[in-house]
Amino acid sequence: MPLPYYVSPEQMMKDKAEYARKGISRGRSLVTLECGDGILLVAENPSTLLHKISEIYDRIAFAGVGKYNEFENLRIAGIRHADVKGYSYSRGDVTAKALANAYSQALGNIFTQDIKPFEVEVLVAEVGDTNGAKSEIYHILYDGTIEDERNYAAMGGQADEIRRFLKDHYQEGMTLGDALQLGVRALTVTQNKTLTERDLEVAVLDRTKAQRKFRRIPLEALGQLLGAGSKPC
Amino acid sequence: MDGERWRLLFNDYSNSSFVELLRRESPHLVPGLGPASAAAPAEPVHGTTVLSMRYRDGVIMAGDRQATAGYQVASRRIEKIFKSDELSGVGIAGAAGPAMEMAKLFQTELEHYEKVEGENLSLEGKANRLSQMIRMNLPAAMQGLVVVPIFAGFDEKAGVGRLFKYDITGGRYEETNYDAQGSGSKDARDSLKKLWKRDMAREDAMRVSLEALIDAADEDVGTGGPDLVRGIFPSVKTITRSGFGDVPEDEVRRVCEGILADRTRNSDGT
């Protein structure tokens, strides 16, 4: 019987990370931006039925890039976490921070213990309320690394370039239309094509909405916003 | 066994259900699953009269604001009509504690389904789900903690408002025009029987439902009428194509005062 090969832990982690990164970089990218009235999430996603962006709870949204079935599983786990917590305590006690930590733990465990790591990155965003509480954006990587981002975040294949672009162009207090146009420009920064509303999935955590802040922006409204630009949020 | 594992995913129909999730992972949070005690609590708090009726734009739901414990008033400002989602609401009558818990669980159930599946349950599906939840409460109901809600909503497919009543076993019966539940329900129903007309406008529908509630408060000791001293008025909600809406208290007050003034003018008080 042949002896099993010895692979150093260092090498093993490196291989896994490379594998996961490769999977993620094949997928299309996603950006999120804070704007005047909330948090905007923009994904390049030609499908109108398979979503990358979704509602988790009153003030919390989820976005994932990479392998669909893997982040879809994480999305449902997140909804379950939030709903059970909100039911047993109160709606106000459901926070993005706790959820982001849970994702981080889950992805970290999968990365170290399973043979195949998840090829996903996920983002948890929580919009602050009208009396000035800060918005929160958490970005969780395939190995459980968690970062809290300020103002904007990008993930997916060309995340680094997009982040650099946003760093130069982001302004605070943009209108929804301006934020959307900036987001779309950011998504195309590495490619030579223009994105129309048909290639996009856009949702917003709208601070001005009552209770459930999450709202998808339908195709027609998206076309108008992309055409007009500086409309109020 | 391992080869069968993927197949189990297809057989799991409860994937989008919050109640099943609780049962599986936090059974201590499921209402009505605890060990049944032999005796019913002496005097549980009871909610009294709720009603619902169809009108031109959809359905209207109304309820008085009083809860009683035996012959005592337990609360004067209790809310009995709950929004269960954008297009439906549930009015509770019976033991207030379990009923409110059920309304909250039902609301979470619908929201959970909507988020996981990315679309709403049909009105029929919602009504059936509520019926299953009432059935879960049957052991408690046998001990006196009866919960019998009214469920009403706007059916997007059919383009009409619909309403359902239930019995303690979870039996679900669709009513075509109007219904009332709770201790004053008989009086409210009698009143609705005379006043309800097909395709009423919002104003008329509101007036008719408040007339019925005031009649119920008149005849039934448990039901609270408009309280002019404290400024407490019945709660009225409308459910239409454009969603679940509260009727502002000022408007309810105006209609109530109109009804009472008319009755005073007729001088015999009826």
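Mentor: Start with strand β1 (residues 30-35) and strand β2 (residues 38-44) of chain A, which pair antiparallel through six bridges. Helices (H or I, at least four residues) and strands (E, at least two) are DSSP runs, numbered from the N terminus, and two strands count as paired if DSSP finds at least two bridges between them. Within this pair, A:Cys35 sits opposite A:Gly38 of β2(A). This is a predicted model, in which local features need pLDDT of at least 70 and side-chain atom pairs count only at pLDDT 80 or more, while totals for chains, interfaces and linings use all residues. Residues are numbered from 1 along each chain as its sequence is written, and chains are lettered from A and ligands numbered from 1 in the order in which they are written.

The two strands belong to an open sheet of five in chain A, ordered β8-β1-β2-β9-β10 and paired antiparallel. Its edges are β8 (152-155) and β10 (214-216) of chain A; each has a single partner strand, so one side of each lacks a neighbour in the sheet. On average, and with direction ignored, neighbouring strands of the sheet are turned by 15° against each other. Axes here are lines fitted to C-alpha atoms, for helices over the stretch in contact, and angles run from 0 to 180 degrees between N-to-C directions.

Two helices lie across this sheet. Helix α5 (residues 176-187) of chain A lies across β1, β2, β8 and β9 (200-206) of chain A, at about 30° to β2(A). Contact, here and below, is taken as C-beta atoms, placed from the backbone, within 7 Å of each other.

Chain A also has a hairpin. Strand β6 (residues 136-140) of chain A is joined by four bridges to strand β7 (residues 146-149) of chain A, and the two run antiparallel. A:Ile137 has A:Glu149 of β7(A) as its bridge partner. Five residues lie between the strands of this hairpin, where A:Gly144 takes a positive phi near 95°.

Next come the helices. In chain A, α2 (residues 68-88) packs on α3 (residues 96-113) at an angle of about 140°, the axes being 11 Å apart. That makes α2(A) oblique to α3(A); angles under 35 degrees count as roughly parallel, over 145 as roughly antiparallel, 65 to 115 as roughly perpendicular and the rest as oblique. The crossing is right-handed, a term used when the near helix is turned clockwise from the far one by less than a right angle, anticlockwise being left-handed. From α2(A) the contact draws on A:Leu74, A:Gly78, A:His81 and A:Ala82, and from α3(A) on A:Leu99, A:Ala102 and A:Tyr103. By class these residues are five nonpolar, two polar and no charged. Ala, Val, Leu, Ile, Met, Phe, Trp, Tyr, Cys and Pro count as nonpolar, Asp, Glu, Lys and Arg as charged, and the others, Gly among them, as polar.

α2(A) also packs against α3(B), at about 165° with axes 10 Å apart. That makes α2(A) roughly antiparallel to α3(B), and this crossing is right-handed. A:Ile76, A:Ile79, A:Asp83 and A:Tyr87 of α2(A) meet B:Thr108, B:His112, B:Lys115 and B:Val116 of α3(B).

Between the chains as a whole, the contact takes ten residues from chain B and nine residues from chain A. On the chain B side, α2 (18-25) and α3 (96-117) of chain B are the elements that give two or more residues, and α3(B) gives the most, with four residues. This side holds five nonpolar, four polar and one charged residues.

Chain B has an open sheet of four strands, β5-β4-β1-β8, with antiparallel pairing. β5 (72-75) and β8 (94-95) of chain B are the edge strands, each with a single partner, so one side of each is without a neighbour in the sheet. Three bridges connect β4 (residues 67-69) of chain B to β5(B), and B:Ala69 is partnered with B:Gln72.

Last, confidence. pLDDT is the predictor's confidence in each residue, from 0 to 100. Chain A has a mean of 91, with 97% of its residues at 70 or more; chain B has a mean of 90, with 92% at 70 or more. Residues 229-233 of chain A stay under 50, and the model gives them 15 contacts beyond four places in sequence. The model scores ipTM 0.90 and pTM 0.91.
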